[in-house]
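Have the model open as you read.

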Amino acid sequence: MEDASRAEERSNTESFLGKKKVFPLLMKMAIPTVLSMFIQSMYNVVDSFFVARLSEGALNAVSLAFPLQNLVLAVSVGAGVGIGARISRALGEKKREEANSYVTHGAILTAFHALLFVLVGIFLSGPFLSMYTDDPLILQQGKAYAMIVVSCAVFSLVYIYIEKLLQAVGNTLFPMFMQGVGAIVNILLDPLFIYGIWIFPEMGVAGAALATVIGQICSCVLALVFIFWKSGGLKIERKGFRFSWKKVGAIYSVGIPSAMMIAMPSVLISVMNAILGNVSEIAVNFYGIYYKLQTIVYVPASGLVQGMRPIVAYNHGAKYYRRVDETVLWSVVFVGSIIALGTLLFELFPSQILSLFDTTGALVEIGVPALRIIAAGFILSTLGVILPGAFEALGMGIHSLSVTLIRQLILIPVLSLAFMPSLGLTGVWLSYPIAETVAAAVSLVFYLGYRKKRLKVGLAEENGSAIRDLK
C-alpha cells in the first residue's frame, strides 16, 4: 500500500510540474511563497515592535542581533534552495533514487548547520555584539536575545529544509500555512513573555527570543507531521545510503550563492551607510527608509522566484525545454508588471510617501529626486531578479552569484565613490539604474549562452540517436 501511495504521489508530481499549463502553475506555486516570505520577514519586525516599548536600548539590542538572525535565514534558505533544485531536477530526469539521496544529504547538512549555530550562539554572540556597542546593558540584552535565537536555530533549519522539499514537488500552500502558524504563535507570546502578563514571567528581550523560538518549534512540528504524512514520494534513505561529497558540492554550488544573495543586502547597507555618512546624516536616514520601501517591489518578485525554481528545475531535468523558457518568460512578464507599478508609485508620489517618515521636510528634499532616479532602474532589474533565480534552478549557481554581485555589491559602491566628487548625492543615486542595466545585460548573455549550450547538447543527442539507428 505504501509503494502504491508513493507511486501515486510521483505521478501527481509529474502531471503537476511537467504537464499543467505554465502560467496557472506558476501562479499556484508563487502566490503562497510570496505570502510566506512576508510572514518570514515579520519575525524580527514583531519582536522589534514589542521590545521598543521596553526602551530604546532594548530595541537597539534586538537590532544589533539581527545580522546573526539573518545569517541563520541565509544558511537555511540557501541550503534549502540547493537541495530543492537538485531534487526537482532529479525528479524531472526520472531519477527517483538520486532525488531521495539528495533528501538524505539535505537532512545530514541540516543537522550539521544546526550544530554549527549552537556553537555560534554560545561562543560568538558576545564577541560579535561587542564590535558594535560598549553599553553593558545593551550588550547583555543583545547577547541574551542572540544566544536563544541562534542556538535554537535547529527548529528554523528543519522547518525550512522541509519547506524546500515540499516546494520541490510542487507543494507551496502547506509551507505558507506552517509559517503562518509560527508567526501567529510568536505574535501572541511576545507580549506575554516580554512584559510578564498573567502567569508568564517577565523576561524582557530574552522573552522576545523565547517567543520566536516557540513559534519556530510550532512550524517545525507541523512540518515534520506533514512530511511523514504526505511526502510527495520523497523519503530519507536508510538502507544502502552512501554519503557523497560530490552531491554535497552540487547542493552548495547552488546553496552558497543563494545564501550570499540573502546576506548581501546587509553588507550593501553597511557599505552605503559608511559612504553616505561622510556626506549627510539625512541621506543615511533616507537610505534606511528606501530599503524598507523597496520591499514593496521586491518581496513579491522574490516570492515568485521561489515558486519558479521547482518548475524550471523539474522541466530542465525532464528536457521539456520549451516549458523552461515559457516559465522564465511568464515570470519576467509578471514580475515586470509588479515592478512597473512600483516604478509609477515612486515616480509619481515620492513626496507623499516620504512625508510619512519626516515632519521637517529635510528628508523629503533629499529623498524625492533620489527615489525618482533609483526607480528609473526598477524595470531593468526584472531580468536581474528573475534570471539569477532560473540559474539556481538550472545548477548555474556561479552565474546567479555573479549577477547579484554586479547588482548589489560591486557597481553601486564603486560608482557612488566615482561619481560623488562631481555629482554629489545625485551620483550615488545614479549608480543604481546603471548597475541594474549592466546586471540585466549580463543576465541575458548568460541565459542566451545556456540556451545555445542546450541546443548543442540536443543536437548531439539527436545525432547520436541517428547513428545508433543506422548501426
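Before we start, one cut-off is handy: angles of 65 to 115 degrees between axes count as roughly perpendicular. Please also keep in mind that this is a predicted model.

With that in hand, look at helix H4 (residues 96–123) and helix H10 (residues 245–277), whose axes lie 10 Å apart and cross at an angle of about 75°. The two helices, H4 and H10, are therefore roughly perpendicular to each other. On the H4 side, the residues that meet H10 are Glu98, Ser101, Tyr102, His105, Leu109, Phe112 and His113. They face Lys247, Val248, Ala250, Ile251 and Tyr252 in H10. The residues of this H4–H10 contact divide into seven nonpolar, three polar and two charged.

One residue of that contact deserves a second look. His113, found in helix H4, is buried, with a relative accessible area of 6%. Setting aside neighbours within four places in sequence, His113 is in contact with Val75, Ala79, Leu157 and Tyr252.

Now to the nonpolar interior. In soluble globular proteins, nonpolar side chains tend to be buried together. Here the largest nonpolar core has 96 residues, and Ile87, Tyr287, Tyr290, Leu354, Phe378 and Trp429 touch the most other members. Helix H12 (residues 295–317) supplies the largest share of this core, ten residues.

Next, turn to helix H16 (residues 381–393). At 1.5 Å a residue, its 13 residues should span 18 Å, and the end C-alpha atoms are 19 Å apart, which agrees. Is H16 enclosed or open to the outside? Twelve of its 13 residues are buried, so H16 is largely enclosed by the rest of the structure. The buried residues include Val385, Ile386, Leu387 and Phe391, as well as Glu392. After H16 comes Gly395, whose phi is positive, near 85°.

Finally, visit the loop between helix H1 (2–17) and helix H2 (22–51), where Lys19 lies. At 59% relative accessibility, Lys19 counts as exposed. Lys19 and Tyr320 are 301 residues apart in sequence, yet their C-alpha atoms are 9.6 Å apart in space.

Technical notes. Residues are numbered from 1 along each chain as its sequence is written. This is a predicted model: local features need pLDDT of at least 70, side-chain atom pairs count only at pLDDT 80 or more; totals for chains, interfaces and linings use all residues. Side-chain values use heavy atoms; hydrogens and water are left out. Axes are lines fitted to C-alpha atoms, for helices over the stretch in contact, and angles run from 0 to 180 degrees between N-to-C directions. Helices (H or I, at least four residues) and strands (E, at least two) are DSSP runs, numbered from the N terminus. Angles under 35 degrees count as roughly parallel, over 145 as roughly antiparallel, 65 to 115 as roughly perpendicular and the rest as oblique. Contact means heavy atoms within 4.5 Å. Ala, Val, Leu, Ile, Met, Phe, Trp, Tyr, Cys and Pro count as nonpolar, Asp, Glu, Lys and Arg as charged, and the others, Gly among them, as polar. A nonpolar core is a set of buried Ala, Val, Leu, Ile, Met, Phe, Trp, Tyr and Cys residues joined through side-chain atoms within 4.5 Å. Buried means under 20% relative accessible area, exposed over 50%, partly exposed in between (1.4 Å probe, protein chains only). The expected span of a helix is 1.5 Å times one less than its number of residues.
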